[in-house]
Amino acid sequence: MNNNRPTHDVLVDAIYESALNPVKWKETLNRLSVYLNASAINMIGLQVQNYDNPFLLSQNIPSDYGKDYRSYWRKHDIWVQAGIDKGLNGGGKTLTGGMLVDRRSFLKSTFYNEWLAEQNISDVLSTNLWDDNPNTPKVILCFFRGVGQDSFQESDRMNLHYLAHHLNRAFSITSQLKLSEQKNVLEESIVDSIGHALFVLNENRKIIKCNATATRLLSDHPGLIKIRHERLIALGHHASPSLEEATALADRGHHAEIVFTSTQLGAIKDTHHARLTPLKEAAIWPLSHHAHYLLLIEKNQEIKQETLRAFCTLFNMTASEQQVLLGLMQDATPEEIAQTSNVSLATIRSHIQHIRQKTGVRRMSELVRMALIATRSL
């Protein structure tokens, strides 16, 4: 066991600190490499001017790794060509080399024998860090394992997949900050281009700035966010953690995941997710030196593990109940969950009954819908 291996939560914090202070990205990517037991990293930009060498950042790979990639190696890149052929080259995809091409064909390929082997690369784990927002930078982040190392497994893929939406959002923020810095002015379009509802708060949680998405949110969902004299008072009717607790976490330099309901507990349509981020590197934020916190209410269609944990905490669920709920959200039947968990069907049904009691939801379909809304946001 690697005692120096960072945890998921530590990496999430590091990702957002890098978003606000881009000089930290190299260190953060190194920590991700350790987390995934990778030997090398490559970051590829799909919208760069010098596409002959589109590699934005490489670690433990020769600096000329990307030279002549477009003109020669791309057509031999068996991973890229397989991804295109299988329709796996869209945004949001996280893939292992084995998902793209079988191991035997890969080891026989020109790409491996004439290029990758010389770079001590034998497998890849990649994630496409963009979504439907046209302002999201199109970046592919690749982690490699060397000749003699084990191939990436499904558990490795899921570990990276759970971090990918944080990386997507962080790269978007970094990109917008860089654009603002180049223009040396704050334009409305910069903040408005971020697809999540965004509020910038001072140290007393007074709203300094909000984007167009946040303005629409306040208009369409009155009472969802409680504001008094321009100061953020509370999120919804009940939140886990509370806004005060989340602020205390942010004051200690952490990023707080919040799940909240705007009416009574168990209200299906009114369960949401937010993130409170400290602006410790406020000097680079293109607003003012008064900016202290960043509140994002997300628009994302994935089941997020950290928000699922916060959702379950909101209703005082046990770890076993959380696993059962996750199975239901992934369309598994109670029988399938029992078989996968190696427990009796009666135990699973008991867990479901307890979850219903805690959430106040009677029908299983309503329970799953409420949880999906909480972990995918508005």
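The model is predicted, so local features are reported only at pLDDT of at least 70 and side-chain atom pairs only at pLDDT 80 or more, whereas totals for chains, interfaces and linings use all residues. Residues are numbered from 1 along each chain as its sequence is written, and side-chain values use heavy atoms, with hydrogens and water left out.

The protein holds 15 helices and 13 strands; these are DSSP runs numbered from the N terminus, helices being H or I with at least four residues and strands E with at least two. Of its 378 residues, 51% are buried, where buried means under 20% relative accessible area, exposed over 50%, and partly exposed in between (1.4 Å probe, protein chains only).

Helix H1 covers residues 8-20. Its 13 residues reach 19 Å from first to last C-alpha, close to the 18 Å expected, a span given by 1.5 Å times one less than the number of residues. H1 is mostly covered, with 11 of 13 residues buried, including Leu11, Val12 and Ile15.

A nonpolar core is a set of buried Ala, Val, Leu, Ile, Met, Phe, Trp, Tyr and Cys residues joined through side-chain atoms within 4.5 Å. The largest has 33 residues, and among those touching the most other members are Trp25, Leu141 and Leu167. Elements giving two or more residues to this core include H1, helix H2 (25-35) and strand E5 (139-145), while H7 gives the most, with 7 residues. A second, separate core of 23 residues includes Val259, Leu367, Val368 and Met370.

Strands E8 (residues 225-228) and E9 (residues 231-235) pair in the antiparallel sense over 4 bridges; pairing requires at least two bridges found by DSSP. Lysine 226 has alanine 234 of E9 as its bridge partner. Between the strands of this hairpin are 2 residues, and histidine 229 takes a positive phi near 55°.

The count of salt bridges is 8, each being a side-chain nitrogen of Lys or Arg within 4 Å of a carboxyl oxygen of Asp or Glu. One joins lysine 24 to glutamate 17 at 3.1 Å, N to O. Lysine 24 counts as partly exposed because its relative accessibility is 25%, whereas glutamate 17 counts as buried because its value is 18%. Another joins lysine 358 and glutamate 321 at 2.8 Å, N to O. This pair links distant parts of the chain, helix H14 (residues 345-359) and helix H12 (residues 319-329), across 37 residues.
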